Amino acid sequence: MADPMRIRAQATGDKTTVRVLMSHEMETGLRKDASGKAIPAWYIQEVTAQLNGKTVMTAQWGPSVAKNPFLQFSIKGAKAGDKIAMTWVDNRGEKRSDEATVS
Amino acid sequence: MRKLCTLIAMAVAALATAAVAQQKSASDAIAEYRAMLADGNPAELFEAKGEDLWKQKRGPKKASLEQCNLGKGAGVVKGAFVELPRWFADTGRVQDLESRLLTCMETLQGFDSKAIIQTPFGKGEQANIEGLVAWISAQSRGLRFNLSQTHVAETTAFELGKRAFFYRAGPYDFSCASCHGQEGKRIRLQDLPDLTKNPGDGVGFAAWPAYRVSSGELWGMQRRLNDCFRQQRFPYPGYTSDVTIALGVYMGVNARGAESIAPALKR
């Protein structure tokens, strides 16, 4: 299974800043290995953010996003103690979900 | 997409900054780029993996590394990194973090350390060691280097490291000191620390292990040294060999008092 994400969510007043670090190879499919064979594409395609179980953002990603991607976004109206859940799905159908609490 | 959220893609931000940076000096722009990346240093992912690996029962003996003695007693991790390399009575050697981990993986977990030494960087157990060094060094973040020079083997290692540092050879007639022996030098846009003295907090020896953005890998000191030898067109003396550890002692003793920021973030 994929390695865990690191999620930090910090509330300042009405605005909550969420910072997510994902562990993924993000292969573009354009690189070649030592023997000259193309390395197959392998990247995150869909990212979903949920606040207390309700989807607040979905993003579609492609192969141009860097390895071990970092994502930052802000949410209005979240309070300390609320749950932020992040999920990604890659082009192999693998997925990973992690949760963090707003502080 | 809902209007509640603003999505900031790192790549877009980096491009915008690059455009603004035209008026500034190159090193200002690089410092800015580093500060931006430091907020989401992927080394954290390796730290999380390393902590898990430390506690997990693994290897032929199905044991964890929690009883590993990194120099401050069995299982003590905090503060151990800033005192390495040091002399260990049980092995009778001066060891750096990576060679000490090999000892623990062999004695506690039953791994074959010779096989790990032969494994290429980033593969198999070498990839696990990257996680471990990230987590162990992170447990000493903010502490200051304080290497011991009390045992004769430690002073010998320092002298050996010093000689290796100034030893000029190879097709380019290069030594470590060619790049790292004076202040204010750089290769392209990379500032080169003067490692013959304390280069300051979080610079040089105090900045490794680190995440290399360009390759997306976490490098320990052994891999960093490997790269220096490669750039000098020297044959690599071998993973955890005495000369690499001696160079670690030389740089570590010189860096006494410098604050460790490892695992850091590099270009």
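## Exercises on a predicted two-chain model

Helix α6(B) is largely enclosed by the rest of the structure, because eleven of its 15 residues are buried (20 or more other C-beta atoms lie within 10 Å of a residue's own, C-beta atoms being placed from the backbone). This is a predicted model, where local features need pLDDT of at least 70, side-chain atom pairs count only at pLDDT 80 or more, and totals for chains, interfaces and linings use all residues. Residues are numbered from 1 along each chain as its sequence is written, while chains are lettered from A and ligands numbered from 1 in the order in which they are written.

**Exercise 1.** Describe the span and the cover of α6(B).

*Solution.* 
- Step 1: Look up its buried residues, among them B:Ile129, B:Leu132 and B:Trp135.
- Step 2: The cover over them includes α3 (43-55), α4 (97-107), α5 (113-118) and β7 (217-219) of chain B.

**Exercise 2.** Which strands stand at the edges of the sheet in chain B?

*Solution.* 
- Step 1: The open, mixed sheet has three strands, in the order β7-β6-β8.
- Step 2: β7 and β8 (264-266) are the edges; each has a single partner strand, so one side of each lacks a neighbour in the sheet.
- Step 3: Now find β6 (residues 210-212), which pairs with β8(B) in the parallel sense over three bridges (DSSP must find at least two for a pair).
- Step 4: Finally, spot B:Tyr211, whose bridge partner in β8(B) is B:Leu265.

Methods
Helices (H or I, at least four residues) and strands (E, at least two) are DSSP runs, numbered from the N terminus. The expected span of a helix is 1.5 Å times one less than its number of residues. A residue is buried if 20 or more other C-beta atoms lie within 10 Å of its own, exposed if 12 or fewer, and partly exposed in between; C-beta atoms are placed from the backbone. Two residues are in contact if their C-beta atoms, placed from the backbone, lie within 7 Å.
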